[in-house]
Amino acid sequence: MARSQKLILASGSPRRLELLDQAGIAPDRLMPMDLDETPQRSEHPRSLARRLCREKAEAALSETRGDPAWKDAHILAADTVVSVGRRILPKAEQIDEASNALYLLSGRNHRVFTGICVVTPDHTIRQKIVETRVRFKRLSNVEIESYLASGEWRGKAGGYAIQGLAGTFVVKLVGSYTNVVGLPLYETVSLLTGEGYDVHYKWLEG
């Protein structure tokens, strides 16, 4: 990869940044897109993840269009949705949202969908949706109240962060673990590589 190639991450998520760093990828610019993430009427969780990741990518493209410093950049955007059946759980900002989500998830299966979207330098758009199935143990009131007190739920889809204390709640996981964290690494790297972004050159630097 020419060193002039650049990557814009249309997100401000520390978790996505950490996951990219794990893969040896360092975005050249972070562009959190402040969009309305309210589901549309009867919108399926998978469709919501697909729509939002594309809207974030397109918003970043619009903001950088015409700027010669970013004309050859790839843009990466993602959105994660947690659902029980067709019911979409919010990104918990208030403690009651997190509490309601945890009581709903207790002892049940749920699905995590992450939509990833890559825009190439010639403005080609590529998308992929990744699904992971997760089952929680039956949570006691003490476990829920203690988790709420930890504050780890803030800003998390479904009101929990699997990479933290809530990892102790998981009985079974089928699919990508990094998808549940917020960015499925295998699929992200495959999508970037397939669209001409060499993710491996930094590996060679040791």
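Me: Where is A161 placed?

Reply: A161 lies in the loop between α4 and β7. Helices (H or I, at least four residues) and strands (E, at least two) are DSSP runs, numbered from the N terminus. The model is predicted: local features need pLDDT of at least 70 and side-chain atom pairs count only at pLDDT 80 or more, while totals for chains, interfaces and linings use all residues. Residues are numbered from 1 along each chain as its sequence is written, and side-chain values use heavy atoms, with hydrogens and water left out.

Me: Why is A161 called buried?

Reply: Buried means under 20% relative accessible area, exposed over 50%, and partly exposed in between (1.4 Å probe, protein chains only). The value for A161 is 5%, so A161 counts as buried.

Me: Which residues are in contact with A161, leaving aside its neighbours within four places in sequence?

Reply: Contact means heavy atoms within 4.5 Å. With those neighbours set aside, A161 is in contact with Y147, E152, K156, A166 and G167. A161 and V181 stand 20 residues apart in sequence and 6.8 Å apart in space, C-alpha to C-alpha.

Me: What makes F136 and F169 an aromatic pair that is edge-to-face?

Reply: Rings of Phe, Tyr and Trp (its six-membered ring) pair if their centres lie within 6.5 Å; planes under 30 degrees apart count as stacked, over 60 as edge-to-face and the rest as tilted. By this rule the count is three aromatic pairs. For F136 and F169, the distance is 5.7 Å centre to centre and the planes are 70° apart, which makes the pair edge-to-face. F136 belongs to strand β6 and F169 to the loop between α4 and β7 (170-174), so the pair ties together parts that are 33 residues apart in sequence.

Me: What makes Y147 and F169 an edge-to-face pair?

Reply: F136 and F169 are both buried. Y147 and F169 have 5.6 Å centre to centre and 65° between the planes, and the pair is therefore edge-to-face. This pair links distant parts of the chain, with Y147 in helix α4 and F169 in the loop between α4 and β7, 22 residues apart. Y147 is buried, as is F169. One aromatic cluster is formed by F136, Y147, Y160 and F169.

Me: Why does T188 count as buried?

Reply: T188 has 1% relative accessibility, so T188 counts as buried. T188 is located in helix α6 (residues 185-194). Leaving aside neighbours within four places in sequence, T188 is in contact with L20, L76, I116 and L183. T188 and A23 are 165 residues apart in sequence, and 9.8 Å apart in space, C-alpha to C-alpha.

Me: Why does S42 count as exposed, and why is H123 called partly exposed?

Reply: S42 reaches 61% relative accessibility and therefore counts as exposed. H123 has a relative accessible area of 37%, so H123 is partly exposed. S42 lies in the loop between β2 (29-30) and α2 (45-64), and H123 in the loop between β5 and β6. S42 is not a glycine, yet has a positive phi of about 65°. H123, also not a glycine, has a positive phi of about 75°.

Me: Which residues of helix α3 are buried, and what covers the buried residues of α3?

Reply: In α3 (residues 95-105), A98, S99, A101, L102, L104 and L105 are buried. Their cover includes β3 (73-84), β4 (87-89), β5 (109-119), β6 (125-136) and α4 (141-150). After α3 comes G107, with a positive phi near 70°.

Me: Why is the protein called as compact as a globular protein of its length?

Reply: The protein comprises six helices and seven strands. From the N terminus on, the elements run β-α-β-α-β-β-α-β-β-α-β-α-α. The radius of gyration of the protein is 18 Å, close to the 17 Å that the globule rule gives for 206 residues, so the protein is as compact as a globular protein of that length. The radius is taken over C-alpha atoms, and the globule rule is 2.2 Å times the number of residues to the power 0.38. Buried residues make up 47% of the 206 residues. Of the contacts between residues at least 6 apart in sequence, 70% join residues at least 24 apart.
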